[in-house]
Each structure stands twice: as structure tokens, then as C-alpha cells.
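Please look through the structure below before reading on, and keep it open beside this note. The points that follow are meant to be checked against it one at a time.

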Amino acid sequence: MTTTVNLSRIHFPVTTLGPGRRIGIWFQGCSIRCPGCISMDTWTHGRGTTTIAEVVDAISPWLSTADGITVSGGEPFDQREALFELLARLRALTAADILVFTGYPWITISEAISSRPPLIDAIVTEPFDIDERQTLALRGSDNQQLHMMTPLGRARFESFDRTIDESDRSFDVMFDENGDVWLAGIPARGDFRRLRNILEDGGSTLGISEDKRFPSH
Ligand code: SF4
């Protein structure tokens with residue numbers, strides 16, 4: 001049987017979500033729905049349906065040159081069987097490190113991770129909290145936790161266990177075939193709205209997928 005998975009997008013290279021040139025995999029569907037999320041376009045479940053085999057085929061040409069794989073969303077653990085099957089397939093194909101972002105608290109997912117072979121090298125847990133400060137690398141709010149799960153994870157991610165600096169203030173810019181532009185990275189509060197205002201002042205338009213019910217801090 002071919003396992004299905006709902007994805008928002010895949011991209012290579014991504015350079016702002018972990019060390020090196022990385023394959024980015026964004027899951028589609030999030031039941032956590034943090035107030036202030038910047039990725040509301042990934043909340044709806046049931047879109048972007050594909051199969052694990054098709055995803056692996058699409059990613060395979062990048063595996064020989066990728067330093068790592070970053071899985072984000074959406075919420076990867078809302079499709080946890082597909083997530084672990086995909087990670088197992090990728091683990092068998094590459095020595096690249098695997099980083100996962102989840103909005104679930106560590107306490108609710110740690111058993112699911114530790115009861116399986118070590119497929120995740122590092123994981124950022126806990127829901128985004130717009131009322132928290134944002135001073136830590138790889139994290140959108142300071143309640144989020146970076147867990148290094150393997151020796152490879154410690155080697156690759158120990159240097160991210162720090163406060164943010166200027167090197168963290170960057171985005172990857174991706175262009176779709178239909179002309180849409182996507183940004184990847186961890187923005188500071190209000191970055192997307194500032195960018196939208198700058199572009200609009202210059203006569204361009206930018207749609208942002210940020211939760212507009214909450215003001216940027
Ligand atoms: S920040 Fe992540 S976990 Fe929270 S609503 Fe957005 S996609 Fe879901």
C-alpha cells in the first residue's frame with residue numbers, strides 16, 4: 001500500500017532553517033492554530049495530497065548535495081505515521097541531518113519519538129506564542145525548545161542553542177511557476193508586514209499568510 005501525505009511544498013536549497021543547504025518539506029494541515037501564526041495557508045487539512053513514494057522521488061535528485069533536511073508546516077505530527085515513514089525512507093537514503101519543527105509540546109510527542117529508531121536529529125517543540133519574547137535562534141518565540149536527539153543532531157545544532165544575531169535575520173526567497181514568491185525563514189515580529197508596506201509603497205503587492213487577528217509586536 002502506498003501511504004499518502006498532505007504537503008504544502010518542498011524546496012531546495014533552504015538556508016535559513018538550520019545549517020547548510022537543506023531540503024525543506026512543509027506539511028499541509030495544522031490543528032494547533034497558534035494565534036499570530038505566519039503560515040495560516042498551511043492550516044487546512046486535506047490539501048496537497050501526494051504519496052510518500054512521490055515525495056521521495058521528487059527529493060531524490062537533491063539528496064547527494066543536501067547538508068540537511070528540514071521538516072516544518074503546517075504540523076508534521078498531525079500526520080505522524082506518514083511523517084515517520086517519510087523520515088525512515090530519507091534516513092535510508094542520506095546521511096544528511098534531519099530537523100523537525102512541531103507546535104506540539106515536547107511532553108506529548110517525546111514517547112512517539114523515543115519509541116522509534118532515531119529518525120530525528122533535532123526538533124523544535126512547543127506552540128508559537130505571540131506574547132513571548134523572541135530572542136533565541138531557530139525559534140519564533142522563547143517558549144519553544146530545541147532538543148538535540150542524536151550525536152549528529154548535537155554536532156549540527158549545538159551552535160543554534162544561543163540568542164539570535166544578525167546572521168539569523170535572513171529569508172530564502174522562492175519563486176513558483178505561476179509567479180508567486182514565497183519566503184522561508186524565521187521572521188522577527190512584524191517583518192512580513194514591514195516588507196508588505198515597503199513593496200506596496202513601491203507599487204507592488206504582497207499577500208501575507210500571517211494570522212491578521214493579532215497585531216505584530
Ligand atoms: S506556528 Fe506552526 S503549529 Fe502553530 S499554528 Fe502555525 S503552523 Fe501550526
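1. Where is the place of Pro13? Pro13 belongs to strand 1, a strand being a DSSP run of E with at least two residues and a helix a run of H or I with at least four, both numbered from the N terminus. Phe12 and Pro13 are joined by a cis peptide bond, whose omega is about 0°.

2. A word on the source: this is a predicted model, in which local features need pLDDT of at least 70 and side-chain atom pairs count only at pLDDT 80 or more, whereas totals for chains, interfaces and linings use all residues. Residues are numbered from 1 along each chain as its sequence is written, and side-chain values use heavy atoms, with hydrogens and water left out.

3. A cis bond also runs from Gly73 to Gly74, with omega near 10°, and Gly74 sits in the loop between strand 4 and helix 2. Gly74 is also one of the residues around the ligand (a heavy atom within 4 Å of it), and among the others are Cys30, Cys34, Trp43 and Phe128.

4. Most residues other than glycine have a negative phi, and most peptide bonds are trans. Against that background, please look at Glu126, which is not a glycine but has a positive phi of about 85°, and at Leu138, also a residue other than glycine, where phi is positive and near 70°. Glu126 lies in the loop between strand 6 (122-125) and strand 7 (145-148), and Leu138 is found in the loop between strand 6 and strand 7 as well. Buried means under 20% relative accessible area, exposed over 50% and partly exposed in between, with a 1.4 Å probe and protein chains only; Glu126 therefore counts as buried at 11%, and so does Leu138 at 6%.

5. Which residues touch the most other members of the largest nonpolar core? They are Ile25 and Phe77, in a core of 30 residues, where a core is a set of buried Ala, Val, Leu, Ile, Met, Phe, Trp, Tyr and Cys residues joined through side-chain atoms within 4.5 Å. Helix 2 gives this core its largest share, six residues. Leaving aside residues up to four places away in sequence, Phe77 touches several residues, including Leu83, Val100, Tyr104 and Ile123, contact meaning heavy atoms within 4.5 Å. A second, separate core has 15 residues, among them Leu17 and Phe157.

6. Finally, the buried residues of helix 5 (residues 191-201) are Asp191, Phe192 and Arg193, and their cover includes strand 9 (181-184). After helix 5 comes Gly203, with a positive phi near 95°.
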